[in-house]
Amino acid sequence: MAKIECCWYIGESLLPWEASVAGTLARALIRSGVALHAYSGAGTDLLNIPGLLSWRSMHTMERAAAAGIRGRLWHLWGTPPSWWGMVRLRARTVHTRFSMKTEWKGHPTVFSATECSGGETYIPPGFEVKVNWGGDAPGEAYQGDESPLCLLPGETSVESDYSSLLGSMGMNFKPLGRGGEEAMQHLSSGRTVLLIENPNSSLALLSANGALMGVPAAAPRSPLMDEFLGKDGYVHFDPAAGLEEKRRLLTLLAGEGGRAASAAARRHVSEQFAPEKGAKKLENLYLSLSGVKK
């Protein structure tokens, strides 16, 4: 069988937990024998892909040669760069996006079977345990503090309400927005819980990564969270609940209930999302698009 060859461009828009999944799948593909040529538009630390090149480190002629000549099959991860049209003129392309605002710029692939429509290819994400997510440890305000830290990623309109409630419970509180690197540093620091008010596929990836580090999550019950963590892998949290019910659920999240949910989620993620599964789906897709015979 002819060797599969594919060029990857991993855009600057990826958050750390999204980049981590891409890197995990890349390493599994390389182990399976795929010839992977990877370029990163941002940092390279979290990706940990053998042979990865920083697009910024390349001079103009190298970039032009890569985009204009190299490879007949490319995979774009995230928001397309300005030169992506040049690649699409001469090569077949695959696209994995992480924001619904990004238009498809190649054969569409998604990480969620729940959100997969008829025109997309589902690729199971791959996860590995990360001990250190890079960078320095979180600030001194949290170091040595044994109080649980509740991270609230994504958008919320009631940030002050959570801050007041958690403060009254003796818990620290950190809204993250799109503070990706800080989120991952906190997840690996211990004594952390996740509160996801509005689940989406990116935050589900974050929750699954957190589960492998023993971080419990609370979120509204949804098919998406069931898919990534299992039905018993997170505390079911209703943002519309009253104050006392929220207090009860947050107490459960920070205690034995959260630990039990985290253990169930860890088993689910380990069993359902081995990197080899996603790599095999990608390999088959590349075979189909490139016309390489098995």
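Which residue in S2 does Trp 8 stand opposite? Trp 8 stands opposite Ala 38. The report below sets this pair in its surroundings.

The structure is a predicted model, in which local features need pLDDT of at least 70 and side-chain atom pairs count only at pLDDT 80 or more, while totals for chains, interfaces and linings use all residues. Residues are numbered from 1 along each chain as its sequence is written, and side-chain values use heavy atoms, with hydrogens and water left out.

## Overall make-up

The protein chain has 10 helices and 12 strands. Helices (H or I, at least four residues) and strands (E, at least two) are DSSP runs, numbered from the N terminus. Of the 294 residues in the protein chain, 51% are buried. Buried means under 20% relative accessible area, exposed means over 50%, and partly exposed lies in between (1.4 Å probe, protein chains only). The accessible surface of the protein chain is about 13,400 Å², and 51% of that belongs to carbon and sulfur atoms. Accessible areas come from the Shrake-Rupley method with a 1.4 Å probe, and for residues only the protein chains shown count as cover. Among contacts in the protein chain with a separation of 6 or more, 59% are between residues 24 or more positions apart. Contact means heavy atoms within 4.5 Å.

## The sheet and its helices

Seven strands form an open sheet in the order S3-S2-S1-S4-S5-S6-S7, with parallel pairing. The edges are strand S3 (53–54) and strand S7 (121–122), each with a single partner strand, so one side of each has no neighbour in the sheet. Two strands pair if DSSP finds at least two bridges between them. Strands of a sheet pair through backbone hydrogen bonds, either parallel or antiparallel.

S1 and S2 pair in the parallel sense over six bridges. Five of the six residues of S1 are buried, which leaves this strand mostly covered. Strand S4 (residues 73–77) pairs with strand S5 (residues 92–96) in the parallel sense over five bridges, and Leu 76 stands opposite His 95 in S5.

Helix H1 (residues 16–31) lies across strand S1 (5–10), strand S2 (35–40) and S4, and runs at about 165° to S1. Helix H10 (residues 275–290) lies across S1, S4, S5, strand S6 (107–110) and S7, at about 150° to S5. Axes are lines fitted to C-alpha atoms, for helices over the stretch in contact, and angles run from 0 to 180 degrees between N-to-C directions.

## Aromatic residues

The whole structure holds 13 aromatic pairs. Rings of Phe, Tyr and Trp (its six-membered ring) pair if their centres lie within 6.5 Å; planes under 30 degrees apart count as stacked, over 60 as edge-to-face and the rest as tilted. Two of the pairs share Phe 111.

| Pair | Centre to centre | Angle between planes | Class |
|---|---|---|---|
| Trp 77 and Phe 111 | 6.0 Å | 35° | tilted |
| Phe 98 and Phe 111 | 5.9 Å | 55° | tilted |

Trp 77 in strand S4 and Phe 111 in the loop between S6 and S7 are 34 residues apart, and their pair links distant parts of the chain. Phe 98 lies in the loop between S5 and S6, so its pair with Phe 111 ties together parts that are 13 residues apart in sequence. Both Trp 77 and Phe 111 are buried. The relative accessible area is 7% for Phe 111, and Phe 98 is buried as well, at 17%.

Elsewhere, ring pairs link Tyr 9, Tyr 39, Trp 55, Trp 74, Trp 83 and Trp 84 into a cluster. The charged end of Arg 97 sits over the ring of Trp 104, 4.0 Å from its centre. A charge sits over a ring if NZ of Lys or CZ of Arg is within 6 Å of the ring centre and within 35 degrees of the ring normal.

## Single residues

Is Thr 102 buried or exposed? At 11% relative accessibility, Thr 102 counts as buried. Thr 102 lies in the loop between S5 and S6 and, not counting residues up to four places away in sequence, touches Gly 78, Thr 79, Pro 80, His 95 and Arg 97. Lys 101 lies in the loop between S5 and S6, and counts as exposed at 81% relative accessibility.

Leu 229 is found in helix H7 (residues 223–229) and is buried, with a relative accessible area of 2%. The C-alpha atoms of Leu 229 and Ala 264 are separated by 7.8 Å, although the two are 35 residues apart along the chain.
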